[in-house]
Amino acid sequence: MRALIADLVVPGDASMYVMSALETSRELIRHSYYRYEFATVAVTHSLFALEQVLAERLAVDEPLRDLTERAADAGLITAELAARLDGGRLLRDKLAQGTATSAARTPADAIRMVRAVFDAVSLLLGARPTGVEATAVDAGGAQSEDRLARLWEEHRRAPFPASFRGVDIEGVELVLLDADVAGLVQRELSGGLDSSGIAVLWSCIADLDRIMPLINEAYCAAYFTALRRMAGLAAARHIPAAT
């Protein structure tokens with residue numbers, strides 16, 4: 001078990017609170033040799049550190065999901081890492097809702113989720129502030145274009161969860177939903193969606209929001225979280241600016 005956690009190194013410039021939370025999550029994985037449920041608890045405990053660092057880095061007080069999306073949109077973490085982090089958040093939510101137990105994750109699963117938190121904290125503490133200038137660029141729309149193109153390229157490289165081919169959840173076939181969103185995003189990047197395409201995209205987003213809490217496999221959850229982020233960014237380009 002010591003070898004399993006050997007590469008989980010707490011950043012030296014983290015606050016005492018963050019260091020304590022990360023060290024505790026790491027030790028919980030090690031001690032899951034004696035108590036299996038500690039592995040799942042380690043994932044949820046590591047999110048305390050993540051939420052603290054995100055809130056300080058972004059200077060906003062929002063739910064963890066929104067903080068993670070803000071960090072990905074600002075380029076502080078990759079979309080792939082944001083999706084991995086969202087797997088931990090979904091696990092925490094299921095525990096709170098009583099749809100999962102503390103035996104939900106093996107030590108091997110837990111180490112992947114906790115490693116994502118360690119990676120994110122290291123990036124966030126070492127990243128250079130984006131400042132007001134980055135916000136201004138984003139408002140101009142160029143940054144949104146770049147982010148959508150980057151998410152699209154990452155999605156193209158990500159393999160579809162093999163064990164979920166042919167699977168449907170709540171009447172939604174996952175392969176078809178993935179293909180629909182991918183086609184719509186590609187059309188948006190190629191020349192823009194028309195009104196019917198925008199309507200279909202919002203329908204896909206509604207399907208994603210309905211099925212995502214029901215996915216109980218880590219990679220599949222991360223895959224569709226990244227798909228939802230990409231779809232949301234494409235749809236947001238067609239929301240009129242407030243006046």
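Student: In which segment is L4 found, and which residues make the nonpolar surface patch of about 470 Å²?
Tutor: In this predicted model, L4 is found in the segment before α1, the helix of residues 16-31. L4 has a relative accessible area of 31% and is therefore partly exposed, and a residue needs over 30% to be counted in a patch. The nonpolar surface patch of about 470 Å² is made by M1, L4, Y33 and Y34.

Student: How far apart are the end C-alpha atoms of α1, and what covers its buried residues?
Tutor: With 16 residues at 1.5 Å a residue, α1 should span 22 Å, and its end C-alpha atoms agree with this, being 22 Å apart. The buried residues of this helix are V18, A21, L22, S25, R26, L28, I29 and R30. What covers them includes helices α2 and α5.

Student: What span should helix α4 have at 1.5 Å a residue, and which residue follows it with a positive phi?
Tutor: Helix α4 holds 19 residues, 79-97, and should therefore span 27 Å, with which the 26 Å between its end C-alpha atoms agrees. Its buried residues include A79, L81, L85 and L91. The residue that follows α4, with a positive phi near 80 degrees, is G98.

Student: Which residues does G88 touch, not counting residues up to four places away in sequence?
Tutor: G88 lies in helix α4, and at 3% relative accessibility it counts as buried. By contact, with residues up to four places away in sequence not counted, the residues that G88 touches are V43, L47 and M113.

Student: With the side chain of which residue does D119 make a polar contact?
Tutor: D119 has its place in helix α5 and, at 32% relative accessibility, counts as partly exposed. Not counting residues up to four places away in sequence, D119 touches L81 and R84. The polar contact, at 3.5 Å, is with the side chain of R84.

Student: How are R84 and E80 separated in helix α4, and what is the N to O distance of their salt bridge?
Tutor: Side chains of opposite charge can pair when their charged atoms come close. R84 and E80 are four residues apart in helix α4, so about one helical turn separates them. R84 is partly exposed at 27% relative accessible area, and E80 is partly exposed at 43%. Their side chains meet in a salt bridge with an N to O distance of 3.7 Å.

Student: Which helices hold R228 and D209, and what is the N to O distance of their salt bridge?
Tutor: The side chains of R228 and D209 meet in a salt bridge, N to O, at 2.7 Å. R228 lies in helix α10 (residues 218-236) and D209 in helix α9 (residues 195-211), so the pair ties together parts that are 19 residues apart in sequence. R228 counts as buried at 17% relative accessibility, whereas D209 counts as partly exposed at 35%. The helices asked for are thus α10 and α9, and the distance is 2.7 Å.

Methods:
Residues are numbered from 1 along each chain as its sequence is written. This is a predicted model: local features need pLDDT of at least 70, side-chain atom pairs count only at pLDDT 80 or more; totals for chains, interfaces and linings use all residues. Side-chain values use heavy atoms; hydrogens and water are left out. Patches are made of residues with over 30% relative accessible area and no salt bridge: like charges are joined within 9 Å, nonpolar side chains (Val, Leu, Ile, Met, Phe, Trp, Tyr) within 5 Å. Accessible areas come from the Shrake-Rupley method with a 1.4 Å probe; for residues, only the protein chains shown count as cover. A salt bridge is a side-chain nitrogen of Lys or Arg within 4 Å of a carboxyl oxygen of Asp or Glu. Helices (H or I, at least four residues) and strands (E, at least two) are DSSP runs, numbered from the N terminus. Buried means under 20% relative accessible area, exposed over 50%, partly exposed in between (1.4 Å probe, protein chains only). The expected span of a helix is 1.5 Å times one less than its number of residues. Contact means heavy atoms within 4.5 Å. A polar contact is a pair of N or O atoms within 3.5 Å; within protein, one must be able to donate a hydrogen and the other to accept it, and residues adjacent in sequence count only if both atoms are side-chain atoms.
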